[in-house]
Amino acid sequence: MKKLLVIANPYPPMASAGTTRVVRFIRHLPEEGWEPSVLTARAEGPAAVPPGVRVARAAVPWPRQLLGGGRRSTRVNRWVAVPDPYFAWIGPAVLKGREIFARERFDAILSSSPRASVHLAAAVLSEHASVPWLADYRDPWSTYQFRQYPTRAHKAAHERLEAWALRRATAVTAVNRPIVDDLVARHPWLDGRVHVLPNGFDRAEQPADVRLGDGFWIVHTGRLYGREQQVAAFLEALAAQPPEVKALFVGVDQSRVRPDADRLGLGDRVRVEPLVPLPVALGYQRAADALLLVNGRRPESMSSKVFEYLQAGRPIFAISPAGSAARALFEEVGGGTCVLPDDPMREPLAGFVAAARAGRAPTADPGALDRYELSHLTRELAAILDDLASHPRVADPDDRKRSPGAAS
């Protein structure tokens with residue numbers, strides 16, 4: 001077994017959708033000859049920690065108050081927390097990582113963002129231990145559509161830190177083609193070293209038994225991440241549907257949905273449930289008559305839950321921009337009825353509901369969808385890691401001399 005150090009934050013017991021990709025790969029990597037160990041932050045939460053995996057946890061020192069959420073914390077984070085609210089964890093993570101490398105040898109390092117602090121810790125440790133490093137992108141870093149920079153200096157700091165880190169990466173993976181294209185356009189030296197490694201679904205995960213009651217239920221699971229305007233447009237279209245057509249939002253704060261639902265007189269036709277464990281979310285997807293996907297406005301916008309939606313075998317009403325990774329996926333495997341974020345939704349939703357109730361709405365082709373099952377994707381990841389371990393790239397000495405402030 002080759003040894004892999006996975007640097008991930010968040011990680012269970014912290015409950016976050018950001019843990020799913022890493023946990024799934026860790027579950028399947030031993031089947032492909034890789035034994036993963038994890039370096040992460042000390043955390044509390046309800047999520048189950050994967051069994052049989054060694055985990056080292058580094059402390060998260062000051063400023064803890066920045067991590068609590070709320071408007072004030074968000075404003076402070078934008079000014080102080082570069083590259084993310086866990087910037088103070090980088091030092092302890094590096095120290096803990098050096099202790100780990102002093103005890104044993106690893107064949108590769110894998111770090112998975114969107115918390116970019118993991119990539120900075122991995123870059124330092126890769127250089128320290130002379131171990132090849134694979135940087136995994138689930139969202140963009142410096143070009144992330146939901147990041148608001150308070151000043152140009154903050155934007156420049158993110159760009160320089162990203163470039164400094166990526167010059168030390170042996171290879172890079174990203175969840176879809178638009179992220180890969182953006183990385184290569186901004187960092188040409190990555191050409192030939194960036195791979196598309198999609199999210200997917202894992203048949204090892206069993207859905208809970210969930211019931212929704214009478215009516216035709218359109219279900220959305222997961223957070224909205226600033227897409228409330230598109231949800232409001234969907235709710236306006238929903239209000240024009242027959243009263244038995246209802247919507248459930250799981251894992252969403254009431255304030256994101258309830259005011260618009262009440263304004264439109266939707267009452268109990270719209271339900272909002274708190275964050276639930278993954279098996280329950282999968283159960284809601286299976287219990288639905290149809291599923292709602294709300295993407296952002298950029299091409300790379302594609303929630304990882306779209307693969308779970310497709311596996312559920314339910315028709316999907318997708319609000320997604322033209323040329324998006326989500327639309328490309330639906331063209332490949334089927335299952336999606338798409339509208340643009342700013343288009344009127346009343347007539348498209350009415351047509352979708354009528355088709356779904358009549359059994360005519362498209363669902364995914366199981367054969368095409370198999371390409372995104374986690375055992376298959378893990379083989380792709382293991383092949384990349386095998387290549388890194390067999391032919392580790394040695395960074396150019398000039399690259400290694402670059403400081404974060406000097407990177408371009």
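Leaving aside neighbours within four places in sequence, with which residues is Val180 in contact? The partners are Ala174, Val194, His195 and Val196, where contact means heavy atoms within 4.5 Å.

This is a predicted model, in which local features need pLDDT of at least 70, side-chain atom pairs count only at pLDDT 80 or more, and totals for chains, interfaces and linings use all residues. Residues are numbered from 1 along each chain as its sequence is written, and side-chain values use heavy atoms, with hydrogens and water left out.

Val180 sits in helix α6 (residues 177–186). Helices are DSSP runs of H or I, at least four residues long, and strands are runs of E, at least two long; both are numbered from the N terminus. Val180 counts as buried because its relative accessibility is 3%; the cut-offs are under 20% for buried, over 50% for exposed and partly exposed in between, with a 1.4 Å probe and protein chains only. Val194 lies 14 residues from Val180 in sequence, yet their C-alpha atoms are 6.5 Å apart.

Glu308 is buried too, at 8%. Its partners, not counting residues up to four places away in sequence, include Arg24 and Arg286.

| Residue | Helix | Relative accessibility |
|---|---|---|
| Val180 | α6 (residues 177–186) | 3% |
| Glu308 | α10 (residues 305–312) | 8% |

**Cores**

A nonpolar core is a set of buried Ala, Val, Leu, Ile, Met, Phe, Trp, Tyr and Cys residues joined through side-chain atoms within 4.5 Å. The largest has 43 residues, and Ile7, Trp89, Ile109 and Val172 have the most contacts inside it. Helix α4 (residues 117–129) supplies the largest share of this core, seven residues. Apart from it lies another core, of 30 residues, among them Val257, Ile319, Met345 and Val353.

Beyond four places in sequence, Ile7 touches Trp89 and Ile109, among others. Its contacts also include Val118, Ala121, Ala122 and Leu125.

**The cavity**

The structure holds one cavity of 30 Å³ or more. A cavity is a set of points on a 1 Å grid over the protein atoms alone, where a 1.4 Å probe fits but cannot get out; lining residues have an atom within 4 Å of a point. The largest cavity has about 70 Å³ of space, volume being the space filled by probe spheres set on the points, which are joined across faces, edges and corners.

Helix α1 (20–28) and strands β4 (108–112) and β5 (133–137) each supply at least two lining residues. α1 gives the most, four. The lining includes Arg21, Phe25, Leu110 and Asp136.

Definitions and conventions:
On a 1 Å grid over the protein atoms alone, a cavity is a set of points where a 1.4 Å probe fits but cannot get out, and a pocket is an open set with protein on both sides within 12 Å along at least five of seven lines; lining residues have an atom within 4 Å of a point.
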